[in-house]
2 protein chains.
Amino acid sequence: MENERLILVTNDDSVNAKGIHALVEMATQFGRVIVVAPDKPQSGMGHAITINHPLRLAETTIFGAVEAFSCSGTPVDCVKLGIYEVLHRKPDLILSGINHGENSSTNVLYSGTMSAAIEGAMEGIPSIGFSLADFDANADFAATQYYGAKIIQQLLDRPISPSVCLNVNVPKLNLDAIQGIQVCKQAHAYWADRFERRKDQFGRDYFWLTGEFAAVDQRPDTDLKALKNGFVSVVPTHFDLTSHETLQQIKHWKI
Amino acid sequence: MENERLILVTNDDSVNAKGIHALVEMATQFGRVIVVAPDKPQSGMGHAITINHPLRLAETTIFGAVEAFSCSGTPVDCVKLGIYEVLHRKPDLILSGINHGENSSTNVLYSGTMSAAIEGAMEGIPSIGFSLADFDANADFAATQYYGAKIIQQLLDRPISPSVCLNVNVPKLNLDAIQGIQVCKQAHAYWADRFERRKDQFGRDYFWLTGEFAAVDQRPDTDLKALKNGFVSVVPTHFDLTSHETLQQIKHWKI
C-alpha cells in the first residue's frame with residue numbers, strides 16, 4: 001500500500017527486551033512497522049550520540065514478519081540511522097519503548113527511550129515514548145498496550161505541534177485498577193545520588209551509581225502525582241531548554 | 001580558609017584538553033578549584049550516566065597545584081561523583097568546559113559539557129557551561145577567559161534561580177572583534193544528518209555520523225543569531241522539558 005503509514009520503532013533496552021516486542025505488537029495495527037533498536041541495553045544513555053566510533057547495523061529476524069535492524073549505537077543513533085540509512089525518508093510516526101521502568105519527572109533527561117522520541121520531535125516527526133513503572137524483564141505490558149493504543153489513536157486524530165513529543169508513563173497496576181489518562185507537567189524531582197564503593201580483585205576502588213529518587217514538587221498536576229494516583233501520565237515534551245522566566249529577569253544584564 | 005568558595009570543574013573533552021586547563025586558570029581567581037573530569041573524550045554523550053559498568057576515579061597531577069581526578073565515566077557521572085565521592089558536599093559553583101566547539105541551539109541536548117551544567121542545576125548548584133566555536137585542539141581561549149570571568153562575576157553578584165544554568169558560547173573571533181554579551185534564547189535548529197557508509201576489512205558496512213547544521217529559526221533574539229553577529233551568547237537553561245503551550249492545548253483530551 002503506497003500510502004500506508006510508516007512507523008519507526010526503537011527503545012533503549014535492546015531488541016531482546018520484552019517491552020519492544022509488546023510495542024511492535026501494539027504498533028502493527030496502525031501501519032507498517034520497521035524496528036531499528038540497540039543491540040544491547042542502552043539505559044541511561046540520555047541524548048548521547050556516537051561520534052568517536054563507527055556504527056554497525058544488522059538485520060535481525062527476532063521480530064518475525066516485522067522488518068528489523070539491531071544497531072551498535074544509542075537510541076538517538078537508532079533514530080538517525082533509521083531515518084537516513086534504513087527508511088531513506090522520515091517515518092510518519094516514531095514509537096519508543098516500552099521501557100522497563102518509569103521515565104517520569106527529570107528521568108526524561110537520562111532516558112534513552114525518551115531521548116529517541118525527543119530526537120523524533122527535533123526531526124519534526126510525531127513521536128511517543130512509552131514506559132511502564134516495572135523493571136522486571138518479564139513485566140506485564142497489557143495495560144500499557146491498551147492505553148498506548150488509545151494515545152496513539154488520539155495523536156493521529158488530533159495532531160499536536162511536530163516539535164513536541166509525548167512522554168507516556170504507565171503505573172504498575174492491573175488494567176482495571178488504572179484510573180485513566182492525565183495530561184500533565186514534568187515534575188521537579190531529582191536523584192539523591194549515592195555511590196556504592198567496592199574493591200576489585202587488585203584492591204582498587206570502583207563505584208556503582210545508586211541513590212533515591214526525591215520528589216520535591218508539590219504541584220497537583222505533575223506526572224509523579226498522576227502516577228501515584230493510578231493514572232497513566234502524558235507529558236507533552238519539547239527540546240527548548242530555555243528558561244524563559246530567567247531570560248526575562250536577566251536579558252538586560254549589563255556586563 | 002573555611003568560607004572559601006568551592007568550585008567543581010568538569011568538561012567532556014577530557015582532562016587532557018586545552019580547554020579545561022584554560023577554564024581552571026580562569027576559575028582559580030574565584031575560589032578553590034577541584035577538577036573531576038573524564039579520562040577520555042566524551043563529546044556527544046548528552047545527559048548519559050553509567051549504570052551498566054562500574055566507575056573508576058583516579059587522582060591526577062596534570063593540573064599542577066590544583067586537586068584533580070580523572071573519571072572513567074561521562075560528564076554527568078563526573079558531577080555526581082565529584083559531589084558525593086570527592087567533595088562530600090555540594091560545591092558553590094560548577095563550571096564545565098571550555099568546550100572545543102560550539103554548543104549553541106539544540107546542540108545543548110547532545111552536549112556533554114552542557115549536560116554537566118544541567119546536572120548541576122538539577123542539584124540546585126549555580127552552574128555554567130562554556131564553549132568556544134573552534135574545534136581546534138590548540139584553539140585560543142583568551143577571549144573566552146575574558147568574557148567567561150565577567151559572566152561568572154555577574155552570576156555571583158546577581159544570582160539566578162539555582163534550577164537554571166547558563167549556556168555560554170563564544171564566537172571564534174579575537175577579543176577586540178567580539179561585540180559584547182547577549183542574553184538570548186536557544187535557537188530552533190537541527191542536524192540534517194547524513195551517514196558516511198564505508199566497508200571494513202571484511203567487506204561489512206559501517207557508518208560515521210556526519211551532517212549539516214540547519215538553522216531554521218528566524219527570531220532575532222536567539223543564540224545562533226547572537227553568535228553570527230559577533231556576540232557571546234548566554235542562554236539561561238533549565239531541565240523542565242514540558243511544552244506548556246501544548247499542555248494547554250491537550251490537557252482536556254478525553255481518551
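How many bridges join β6(B) to strand β7 (residues 165-170) of chain B? The answer is five, and the two strands run parallel. Before going further, please keep in mind that this is a predicted model, in which local features need pLDDT of at least 70, side-chain atom pairs count only at pLDDT 80 or more, and totals for chains, interfaces and linings use all residues. Residues are numbered from 1 along each chain as its sequence is written, while chains are lettered from A and ligands numbered from 1 in the order in which they are written. Helices (H or I, at least four residues) and strands (E, at least two) are DSSP runs, numbered from the N terminus, and two strands pair if DSSP finds at least two bridges between them.

β6(B) also pairs with β5(B), again in the parallel sense and over five bridges. On that side, B:Asn99 has B:Ser131 of β6(B) as its bridge partner. Towards β7(B), B:Phe130 is bridged to B:Val168. β6(B) is mostly covered, with six of its six residues buried. Here buried stands for 20 or more other C-beta atoms within 10 Å of a residue's own, exposed for 12 or fewer, and partly exposed for anything in between, with C-beta atoms placed from the backbone. The covering reaches both faces of the strand: B:Ser127, B:Gly129 and B:Ser131 are buried on one side, and B:Ile128, B:Phe130 and B:Leu132 on the other.

**A covered helix and the core**

Helix α1 (residues 18-27) of chain B is mostly covered too, since eight of its 10 residues are buried. These are B:Gly19, B:Ile20, B:His21, B:Ala22, B:Leu23, B:Val24, B:Met26 and B:Ala27. Their cover includes the strands β1 (6-10), β2 (32-38), β5 (93-100) and β6 (127-132), together with helix α5 (142-157), of chain B.

A nonpolar core is a set of buried Ala, Val, Leu, Ile, Met, Phe, Trp, Tyr and Cys residues joined through C-beta atoms within 7 Å. The largest has 156 residues, and A:Val35 and B:Val35 have the most contacts inside it. Two residues are in contact if their C-beta atoms, placed from the backbone, lie within 7 Å. Leaving aside neighbours within four places in sequence, B:Val35 touches B:Val9, B:Val15, B:Val24, B:Phe63, B:Val66, B:Ala68 and B:Phe69.

**How the two chains meet**

The contact between the chains takes 61 residues from chain B and 61 residues from chain A. On the side of chain B that touches chain A, strand β10 (residues 205-215) of chain B supplies the largest share, five residues. By type, that side of chain B divides into 33 nonpolar, 17 polar and 11 charged residues; Ala, Val, Leu, Ile, Met, Phe, Trp, Tyr, Cys and Pro count as nonpolar, Asp, Glu, Lys and Arg as charged, and the others, Gly among them, as polar.

**Backbone details worth a look**

A cis peptide bond joins A:Gly97 and A:Ile98, with omega about -15 degrees, and A:Ile98 lies in strand β5 (residues 93-100) of chain A. In chain B, the bond from B:Gly97 to B:Ile98 is cis as well, with omega near -15 degrees.

A:Ser105 sits in the loop between β5 and α3 (107-110) of chain A and is buried, with 27 other C-beta atoms within 10 Å. B:His88, in the loop between α2 (75-87) and β5 of chain B, counts as exposed, with 7 C-beta neighbours inside 10 Å.

**Confidence**

Chain A averages a pLDDT (the predictor's confidence in each residue, from 0 to 100) of 95, and 99% of the residues score at least 70. For the complex, the predictor gives an ipTM of 0.94 and a pTM of 0.95.
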